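Hi,

Here is the structure I promised to pass on.

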Amino acid sequence: MTEKPARGLLLRLAGPLQSWGTHSNYMRRDTARFPTRSGVVGMLAAGLGREREAPLADLTALSMTVRVDRPGVVLSDYHTVGGGLPADEKVITVDGKRRSKAKGTLVSKRQYLSDAAFTLTLTSDNEELLHACAAALRDPHWPLFLGRRSCPPEGPVLLGTVEDPLHHLVRMPLAAKRPRNGPQPIEFYGDRPLGVLPVSSDAPDRGDGDHHSGDVTDEPMSFAPLERQYLPRPLYRRSVHLPDATYEGFGTGYLEKVQSYIDTHFAKPERNPR
């Protein structure tokens, strides 16, 4: 008997800048090349209006698969904190004192992804949770951002709630132009094996996606300011050649194709009465 595909949400994460840290500390803030589980769970928690100390077990039970429409370019920002402030407003040290004038300016390096675009699925057997998350993404309690508060999304994040979201993940229009040098593989990242991706292509894939390619420390246990905790989890990766017709470029043409796909394949969202 064939297992019924999980129900899930389809999201689009795109904007001028994104940043998805995995090994960040105060002085150096890195970014992964794809949205992290901690970043997406944090976005859902913000939309739901949860405090930082709130439990995350229901949200971390969601399974996430990411499609890289455009990988973007990594940018590094030279960032300073504390310079030019009066003595009583300097950065506080670990012992609770203020930094001296000579050491009052801290320099940090912060990485961002520029002009990246991702399509991703969140799947679960918990219909109530999916409904709550969808409502929160449509009408968030707190603003949504792409990894950091300085990185707002360029448009609506939620594309829809669908049956068999992996089916749509490989068929949704790509926010990219057709490669000039012939077919190029599209990267998929997941927290579970990706051999289940329903792809049909004559071109060979790079790897079967069923063997994890390493670990990434982005499984959030707590967002409490003084007790943030993240655990490592397996990262699965698969490169897939998608049909040329999937590439829909940029701008309004791409957005019109996405809306046409949604109108054709997705059920209309339920609206809560005000």
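Let me start with Glu 248, which counts as partly exposed because its relative accessibility is 25%, and partly exposed covers the range between the 20% limit for buried and the 50% limit for exposed. Bear in mind that this is a predicted model. You'll find Glu 248 in the loop that runs between strand 10 (236–240) and helix 5 (251–265). Ala 176 is 72 residues away from Glu 248 in sequence, yet their C-alpha atoms are 6.0 Å apart in space.

The largest pocket has a volume of about 1,100 Å³. Its lining is made up of 35 residues, and those nearest the centre are Arg 52, Phe 145, Gly 147, Arg 228 and Tyr 230. Two elements give two or more residues to that lining, namely helix 1 (37–48) and strand 8 (215–222). Helix 1 provides the largest share, with 6 residues.

What about enclosed space? Searching the whole structure turns up 1 cavity of 30 Å³ or more. The largest cavity holds about 40 Å³ of space, and it is lined by Arg 37, Val 40, Val 41, Leu 59, Leu 62, Met 64 and Leu 122. Helix 1 turns up here too, giving the most to the lining of the largest cavity with 3 residues. That lining has 6 nonpolar residues, no polar ones and 1 charged.

Last, helix 3. This helix covers residues 127–138, so to speak 12 residues in all, and spans 17 Å from first C-alpha to last, close to the 16 Å expected at 1.5 Å a residue. Its buried residues are Leu 129, Leu 130, Cys 133, Ala 134, Ala 136 and Leu 137. Looking down the axis of helix 3, you'd see these buried residues fall within an arc of 165°, so they line one face of the helix. At the N-terminal end, helix 3 is capped by Asn 126, with a side-chain oxygen 3.2 Å from the backbone nitrogen of Glu 128.

Cheers

Terms used. Residues numbered from 1 in each chain as written. Predicted model: local features only at pLDDT ≥ 70, side-chain atom pairs only at ≥ 80, totals over all residues. Heavy atoms only, no water. Helix = DSSP H or I, 4+ residues; strand = E, 2+ residues; numbered from the N terminus. Expected span 1.5 Å × (residues − 1). Buried < 20%, exposed > 50% of the residue type's maximum accessible area, 1.4 Å probe, protein only. Arc of directions from axis to C-beta. Polar contact = N/O pair within 3.5 Å; in protein donor to acceptor, adjacent residues only side chain to side chain. 1 Å grid on protein atoms, 1.4 Å probe; cavity = no way out; pocket = protein on both sides within 12 Å on 5 of 7 lines; lining within 4 Å. Points joined across faces, edges and corners; volume = space filled by probe spheres on them. Nonpolar A, V, L, I, M, F, W, Y, C, P; charged D, E, K, R; others polar.
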